[in-house]
Amino acid sequence: FYYGPAHPMKPHRLKLAHHLILSYGLYKEMECYRPHPATPGELAAFHSDDYVSFLARITPDNLRQFSTQMPKFQAGEMTDCPIF
């Protein structure tokens with residue numbers, strides 16, 4: 001997903017960081033964790049019930065049905081919260 005030109009998450013930056021970690025041997029000192037999809041309960045620890053409900057219902061296929069709610073939650077294209 002492309003967040004736009006002003007967003008700091010860029011594939012080349014990730015590739016560079018990965019290369020540096022390997023080149024300096026830092027990976028030998030790291031503990032890596034695989035994330036799991038957050039449960040609604042885990043999301044509710046940090047987000048409002050309205051937002052968790054919004055995330056549970058919206059998909060790329062029904063995106064247009066939520067066009068009035070997307071600005072409220074700062075979700076959608078060219079935001080930090082793309083719908084995928």
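Trainee: Why is K72 called exposed in this predicted model?

Mentor: Exposed means over 50% relative accessible area. K72 has 55%, so the word applies.

Trainee: And what makes D50 partly exposed?

Mentor: Its relative accessible area is 47%. Buried is under 20% and exposed is over 50%, so D50 falls in between.

Trainee: How do you know that K72 forms a salt bridge with D50?

Mentor: Their closest N and O atoms are 3.6 Å apart. The cut-off is within 4 Å, so the pair qualifies. A search of the whole structure finds one salt bridge.

Trainee: What does the pair tie together?

Mentor: D50 lies in helix 3 and K72 in the segment after helix 3, so the bridge joins parts that are 22 residues apart in sequence.

Trainee: Good to know! Which residues of helix 3 are buried?

Mentor: In helix 3, residues 49-57, they are Y51, V52 and F54.

Trainee: What puts them on the same side of helix 3?

Mentor: They cover an arc of only 160 degrees around the axis, so they share one side. The face turned away from that buried side carries the exposed residues D49 and A56. The buried residues pack against helix 2 (40-44).

Trainee: What makes up the largest nonpolar core?

Mentor: Eight residues do: Y51, F54, I58, F66, M70, F73, A75 and I83. Leaving aside neighbours within four places in sequence, F73 is in contact with D50, Y51 and F54.

Trainee: Why might such residues gather?

Mentor: In soluble globular proteins, nonpolar side chains tend to be buried together.

Notes: Residues are numbered from 1 along each chain as its sequence is written. This is a predicted model: local features need pLDDT of at least 70, side-chain atom pairs count only at pLDDT 80 or more; totals for chains, interfaces and linings use all residues. Side-chain values use heavy atoms; hydrogens and water are left out. A nonpolar core is a set of buried Ala, Val, Leu, Ile, Met, Phe, Trp, Tyr and Cys residues joined through side-chain atoms within 4.5 Å. Buried means under 20% relative accessible area, exposed over 50%, partly exposed in between (1.4 Å probe, protein chains only). Contact means heavy atoms within 4.5 Å. Helices (H or I, at least four residues) and strands (E, at least two) are DSSP runs, numbered from the N terminus. The arc is that of the directions from the helix axis to the C-beta atoms. A salt bridge is a side-chain nitrogen of Lys or Arg within 4 Å of a carboxyl oxygen of Asp or Glu.
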